[in-house]
Amino acid sequence: MEASPYYDPEPLFRNTKQETFTFTEMFSRILNFIKEDSKTSYRIAIGTDSMVKTTTCFITAVLVHRVGKGAIAFLKKVIIPRPIHSLREKISTEITFTQEIAYMFTPERIDQIYEAVLTADETNHLDLEIHIDIGSQGPTKELIKEMVGRVSGMGFDVKIKPYSTAASSLANRYTK
């Protein structure tokens with residue numbers, strides 16, 4: 001069976017230094033980052049933003065925040081060769097790309113992260129979050145219930161603006 005031109009089982013990511021990684025390599029970097037300082041709490045957030053011009057550019061960000069001590073980030077870019085003008089379609093596609101990456105954090109991989117964070121100190125915690133680029137202000141407010149409902153069963157906390165920084169700040173910066 002021929003592979004779909006739209007689905008890549010091992011997508012490529014870039015860090016902010018423009019180094020390229022497969023998902024497996026990125027996950028290894030994340031795990032090493034956590035193991036370097038396992039005596040703190042972490043927040044892993046995944047979110048997507050887009051920019052519509054003659055094409056539609058989607059950037060999915062994976063943000064690993066060492067709470068109070070810095071962060072690392074990885075970005076995945078997808079370009080759809082047409083402008084997406086429908087707000088519902090655009091937000092829905094952003095969520096689809098976010099979910100694609102979130103599902104790659106399998107229960108086994110999440111267990112590895114939990115093991116690195118929680119074995120060092122019982123006061124540490126790990127937050128896993130999906131960030132959606134919608135909010136209670138502006139035209140996206142009509143989509144909150146529908147879009148939050150799409151991702152709420154994944155086992156990740158769902159954040160919307162102003163708390164969806166992986167999508168509305170980090171990914172947004174790289175869609176330009």
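# Guided tour of the predicted model

Start with the largest nonpolar core, which has 36 residues; select Met26, Ile30, Ile34, Val62, Phe105, Ile113 and Phe156, the members with the most contacts inside it. A nonpolar core here is a set of buried Ala, Val, Leu, Ile, Met, Phe, Trp, Tyr and Cys residues joined through side-chain atoms within 4.5 Å. Buried means under 20% relative accessible area, exposed means over 50%, and partly exposed lies in between, with a 1.4 Å probe and protein chains only.

Before going on, note that this is a predicted model, in which local features need pLDDT of at least 70 and side-chain atom pairs count only at pLDDT 80 or more, while totals for chains, interfaces and linings use all residues. Residues are numbered from 1 along each chain as its sequence is written, and side-chain values use heavy atoms, with hydrogens and water left out.

At least two residues each come from helix H1 (23-36), strand E3 (42-52), strand E4 (56-66), H2, helix H3 (107-118), strand E6 (126-135) and H4. H1 supplies the largest share, 7 residues. Helices (H or I, at least four residues) and strands (E, at least two) are DSSP runs, numbered from the N terminus.

Now centre on Phe156. Setting aside neighbours within four places in sequence, Phe156 is in contact with Ile46, Ala102, Phe105, Ile110, Leu128, Glu129 and Ile130. Contact means heavy atoms within 4.5 Å.

A second, separate core has 10 residues, among them Ala45, Ala61, Leu75 and Ala166. In soluble globular proteins, nonpolar side chains tend to be buried together.

**H1 against H3**

Select H1 and H3. Their axes come within 9 Å and cross at roughly 15 degrees, so H1 is roughly parallel to H3. Axes are lines fitted to C-alpha atoms, for helices over the stretch in contact, and angles run from 0 to 180 degrees between N-to-C directions. Angles under 35 degrees count as roughly parallel, over 145 as roughly antiparallel, 65 to 115 as roughly perpendicular and the rest as oblique.

H1 passes H3 in a right-handed crossing. A crossing is right-handed if the near helix is turned clockwise from the far one by less than a right angle, and left-handed if anticlockwise. To display the contact, show Phe23, Thr24, Phe27, Leu31, Ile34 and Lys35 of H1 with Arg109, Gln112, Ile113, Ala116 and Val117 of H3. By class, this contact has 7 nonpolar, 2 polar and 2 charged residues. Ala, Val, Leu, Ile, Met, Phe, Trp, Tyr, Cys and Pro count as nonpolar, Asp, Glu, Lys and Arg as charged, and the others, Gly among them, as polar.

**H2 against H4**

Next, select helix H2 (residues 87-104) and helix H4 (residues 144-151), whose axes come within 11 Å and cross at roughly 20 degrees. H2 is therefore roughly parallel to H4. The contact is made by Arg88, Ile91, Ser92, Ile95, Thr96 and Gln99 of H2 with Glu146, Met147, Arg150 and Val151 of H4. Its classes are 4 nonpolar, 3 polar and 3 charged residues. The crossing of H2 past H4 is right-handed.

**Glu94**

Stay on helix H2 and pick Glu94. Glu94 counts as buried because its relative accessibility is 2%. Beyond neighbours within four places in sequence, Glu94 is in contact with Thr48, Asp49, Ser50, Phe58 and Asp133. Glu94 and Asp49 are 45 residues apart in sequence and 6.2 Å apart in space, C-alpha to C-alpha.

**Leu63**

Move to strand E4 and select Leu63, which is buried at a relative accessible area of 12%. Not counting residues up to four places away in sequence, Leu63 touches Arg43, Ile44, Ala45, Ala71, Ile72, Ala73, Thr165, Ala166 and Leu170. A C-alpha to C-alpha distance from Leu63 to Ser164 gives 11 Å, at 101 residues apart in sequence.

**Loops**

In the loop between strand E7 (157-161) and helix H5 (165-175), select Pro162. The peptide bond from Lys161 to Pro162 is cis, with omega near 10 degrees.

Finish at the loop between strand E1 (12-15) and strand E2 (20-22), where Gln18 sits. Gln18 is not a glycine, yet has a positive phi of about 70 degrees; Gln18 is partly exposed, with a relative accessible area of 47%. Glu19 is found in the loop between E1 and E2 and is partly exposed at 35% relative accessible area. Glu19 touches Phe13, Arg14 and Arg29, not counting residues up to four places away in sequence.
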